[in-house]
Structure formats: C-alpha cells, structure tokens
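Student: I have a new structure open and I'd like to learn how to read it. Can you walk me through it?

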Amino acid sequence: MRSSLVALALTAGLALPPAAAAADATLTVAFRDIKTPKGAIMAALFDTEAAYKGQGAPVRAFAVPVAGAEASTELKGLPPGRYGISAFHDVDGDGKMKTNPFGVPLEPFAFSNGAQAQMGPPPWEAVAFEVTAGANTQTLSIDSSLADAQ
C-alpha cells in the first residue's frame with residue numbers, strides 16, 4: 001500500500017509542469033560607451049556578497065565580443081534573486097585585467113547599477129540588483145577614465 005502511494009505521488013509529480021522552469025529568468029546584459037571597438041568584455045555574475053568579494057565562485061562568467069560602441073549578451077535559465085556584475089574590457093585580449101604596479105586598472109571596467117569604484121570595487125549593496133522571473137535587463141557603462149589617464 002505504501003509503495004503504491006509513493007508510486008502514485010511520483011507519477012502525479014511527473015504530470016505537472018516543473019515550477020522551477022516556469023520561474024526562470026533571462027538577463028540581458030548590455031555594455032555601452034565602449035571606446036575601443038576590439039577585444040571582449042570579460043564579466044562575472046554573482047549571487048552573493050561573499051562570491052563578489054572573492055570568497056566563492058560567480059554564478060556565471062562570460063565574455064562578450066566587442067566590435068563597436070555597444071555589446072550585449074543574454075543569460076538564460078537564472079533563478080530569480082539578487083545579483084551583481086563586475087566586468088572589464090579586455091582590450092589587449094590577454095584574458096586578464098591589466099593594472100599598474102599599484103593595482104590601478106589600466107583597462108576600462110564597469111559594475112552593475114552604474115556603481116563607481118573608489119579605491120577598490122564598490123560595495124555589494126551598490127552593485128546588487130533584483131532579477132525577477134521573465135525578461136530582465138542590466139546596462140553597464142564601460143568606465144575608461146582611469147585607462148584614458150594612463
């Protein structure tokens with residue numbers, strides 16, 4: 001009898017559409033104000049403050065080819081929640097953020113919500129944004145002010 005109930009419950013569960021799939025989100029990440037139309041935007045999407053601070057892995061790491069003043073990509077299948085993005089424009093194509101001997105970026109960079117770096121990356125609270133089920137967009141303006149000053 002118990003095994004029949006378990007089998008019935010499993011069978012009934014298979015007939016229902018998966019709730020998680022219906023609640024998935026898509027995030028379009030757009031980059032603008034790109035001054036050098038070559039290389040790629042190297043970016044990471046984080047879902048926790050700890051991961052953002054380097055104490056864990058990003059949810060997604062992605063590269064967006066650059067061929068003009070704007071570039072974008074679409075991240076599908078995300079669970080709704082709170083996220084943050086950090087990115088840099090890998091102009092020289094070496095896959096690394098070029099910095100001076102003091103750690104100051106020599107390549108353009110950006111953070112979600114237009115958060116500004118001040119003596120280091122902005123705090124999680126400044127970069128974090130909500131992603132809801134369905135379509136979402138986050139636009140980042142590539143900051144080349146430090147790179148231009150070099």
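Tutor: Let's go from the overall layout to a few single residues.

Tutor: One thing before we start: this is a predicted model.

Student: Fine. How many helices and strands does the chain have?

Tutor: There are five helices and eight strands. Going along the sequence, they follow the pattern α-α-β-β-α-β-β-β-β-α-β-β-α. The chain has 150 residues, and 33% of them count as buried. Take the contacts between residues at least 6 apart in sequence: 69% of those join residues at least 24 apart.

Student: Let me zoom in on V29. What does V29 touch?

Tutor: Leave out residues up to four places away in sequence, and V29 touches F62, A71, S72, T73, L75, I85, Q138 and L140.

Student: Now T26. Where is T26 placed, and is T26 buried or partly exposed?

Tutor: T26 is in strand β1. Its relative accessible area is 22%, so T26 is partly exposed; the cut-off for buried is under 20%. To see what sits beside it, look across the sequence: T26 and K76 are 50 residues apart along the chain, yet their C-alpha atoms are separated by 4.4 Å. Apart from neighbours within four places in sequence, T26 is in contact with E74, L75, K76, G134, A135 and N136.

Student: And H89, is that residue buried or exposed?

Tutor: H89 counts as buried, because its relative accessibility is 1%. You'll find H89 in strand β5. A polar atom of the H89 side chain lies 2.6 Å from the backbone oxygen of K38. Setting aside neighbours within four places in sequence, the contacts of H89 are I34, T36, K38, A40, I41, V66, E107, P108 and I142.

Student: What about pockets? What volume does the largest pocket have?

Tutor: About 470 Å³. To read a pocket, ask what lines it. In this case 24 residues do, and M97, P105, F109, F111 and A117 lie nearest the centre. At least two lining residues come from each of β2, β3, β5 and β6 (109–111). Sorted by class, the lining has 17 nonpolar, six polar and one charged residues.

Student: Where do D33 and M119 lie?

Tutor: D33 is in the loop between β1 and β2, and M119 is in the loop between β6 and α4 (124–127). With 38% relative accessibility, D33 counts as partly exposed. M119 has a relative accessible area of 89%, so M119 is exposed.

How values were computed
Residues are numbered from 1 along each chain as its sequence is written. This is a predicted model: local features need pLDDT of at least 70, side-chain atom pairs count only at pLDDT 80 or more; totals for chains, interfaces and linings use all residues. Side-chain values use heavy atoms; hydrogens and water are left out. Contact means heavy atoms within 4.5 Å. Helices (H or I, at least four residues) and strands (E, at least two) are DSSP runs, numbered from the N terminus. Buried means under 20% relative accessible area, exposed over 50%, partly exposed in between (1.4 Å probe, protein chains only). A polar contact is a pair of N or O atoms within 3.5 Å; within protein, one must be able to donate a hydrogen and the other to accept it, and residues adjacent in sequence count only if both atoms are side-chain atoms. On a 1 Å grid over the protein atoms alone, a cavity is a set of points where a 1.4 Å probe fits but cannot get out, and a pocket is an open set with protein on both sides within 12 Å along at least five of seven lines; lining residues have an atom within 4 Å of a point. Grid points are joined across faces, edges and corners, and a volume is the space filled by probe spheres set on the points. Ala, Val, Leu, Ile, Met, Phe, Trp, Tyr, Cys and Pro count as nonpolar, Asp, Glu, Lys and Arg as charged, and the others, Gly among them, as polar.
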